[in-house]
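Thanks for coming. I will go through one structure today, beginning with the terms and ending with a few single residues.

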Amino acid sequence: HPEVASITFDTIPFGEYTPKLTLQLAGGNPPDGGWVLESVAPQFVASQVMADLQPALAAAEGYDLADFSEPALALWKADDGLYALPFSTSPFLVLYNKDLFEAAGLEDPNVLAARGEWTWEALATAAKTIAVTQGVYGFEGIDGNLYNSAWGTLTPLVRSFGGDFWDADGNCTMNSPETVAALQFFHDMLFVDQSVVPPGEIGDFFTGQSAITLGQISRLTKLDNAEFAWDIAPLPAGPVTQAGTIGQAGLAIFANSPNRDTAIDFLTYLTNPENSQTMGAFFPSARRSVINSEGFLNGNPRLSADQMKLVVAGIENGQ
């Protein structure tokens, strides 16, 4: 596209991003494309503000749309259309402070996982033991943000008990026995065991002020200067299942873009097999060929190939 003189990327603070994008869309002045979060995907798809990418991606030479995991595409589909392309399909994992586990005389979570004994009960016991013996909180929510945004922290737990917050039809299921049991379990960690960072206090796993948190591999940059040994482990199993849980973001081209066709070509280029491999070191791909490649397993500077296999399992089994 030699007629394109330049491409501009706008960076917007996370908390302002969706409101600003929504305002632009409502005002008929959208960007050509953007990053769409999974939390607003249903509304964006239903409102038809995103262009259908299916024909262009299916026709692009060498693109191989069938390489994408079908479950990973489900959130972005309606009827026969595909309205955004997931470029980041990142599983939630357990991040833990190995030094605190060792000091408290606890078995390593990955050793327990190998025996099928890494459960939420085991996590709660470890968190309580560390809180009592080491004088730091045992557990904190994702990014220390449990009381502003609880979903990422509590969803894997609730699903592992066989519950959920909504069913497939969008009906609230917070009062189901399974969901109540899971939330009671967490309530006891917080108020009975006193092992979870409580409301009104701030913990920081990344500076050693708590022992366990949940996170995605994009968070690992925060550990570059950590003064303790750390590792990742799979999500714990609950009484019903081990509920793999993923976060996801999609790239969309907006239907009213003045450069719609050219922008779709650009998205196609960004997400082709070669460029998906490059991005995969930072944003785990939904392409099977990428996540099962040696390049992906060895492409993250902070994780070994064995650790990256936990990421692959989380993608393949996550919801």
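Predicted model: local features only at pLDDT ≥ 70, side-chain atom pairs only at ≥ 80, totals over all residues.

Residues are numbered from 1 along each chain as its sequence is written, and side-chain values use heavy atoms, with hydrogens and water left out.

First, the whole chain. The protein chain has 14 helices and 9 strands. Its C-alpha atoms fill a box of roughly 65 × 40 × 30 Å along the principal axes. The radius of gyration, taken over C-alpha atoms, is compared with a globule rule of 2.2 Å times the number of residues to the power 0.38. For 319 residues a compact globule would come out near 20 Å, and the protein chain has 21 Å, which agrees.

Buried, in this talk, is under 20% relative accessible area, exposed is over 50%, and partly exposed is in between, with a 1.4 Å probe and protein chains only. Of the 319 residues, 46% count as buried. A contact is heavy atoms within 4.5 Å. Among contacts with a separation of 6 or more, 70% come from residues 24 or more positions apart.

On charge, Lys and Arg count as positive and Asp and Glu as negative, without His and the chain ends. Each charge is placed at NZ of Lys, CZ of Arg, CG of Asp or CD of Glu. There are 13 positive and 37 negative side chains, and the centres of the two sets lie 2 Å apart.

Now to strand S5, residues 93-97. How many of its residues are buried? The count is 5 of the 5, so S5 is largely enclosed by the rest of the structure. Both faces are covered, with Leu-93, Leu-95 and Asn-97 buried on one side and Val-94 and Tyr-96 on the other.

Two strands pair if DSSP finds at least two bridges between them. S5 runs antiparallel to S7, joined by 4 bridges, and Val-94 stands opposite Leu-214 in S7. S5 also pairs with S8 in the antiparallel sense, over 4 bridges. There, Tyr-96 has Asp-231 of S8 as its bridge partner.

Ala-229 sits in the loop between strand S7 (210-215) and strand S8 (230-233). Is Ala-229 buried or partly exposed? It is partly exposed, because its relative accessible area is 32%. Beyond residues up to four places away in sequence, Ala-229 touches Tyr-96, Asn-97, Lys-98 and Asp-99. Its C-alpha atom is separated by 9.8 Å from that of Gly-208, 21 residues apart along the chain.

Next, helix H8, residues 151-160. H8 is mostly covered, with 9 of its 10 residues buried; among them are Leu-154, Leu-157 and Arg-159. What do the buried residues of H8 pack against? They pack against helix H7 (120-134), strand S6 (137-139), helix H9 (177-191) and S7. After H8 comes Gly-162, with a positive phi near 90°.

Last, Asn-275, which lies in helix H11 (residues 273-279). Asn-275 is buried, because its relative accessible area is 17%. Leaving out residues up to four places away in sequence, Asn-275 touches Tyr-269 and Leu-270.

Note on methods. Helix = DSSP H or I, 4+ residues; strand = E, 2+ residues; numbered from the N terminus.
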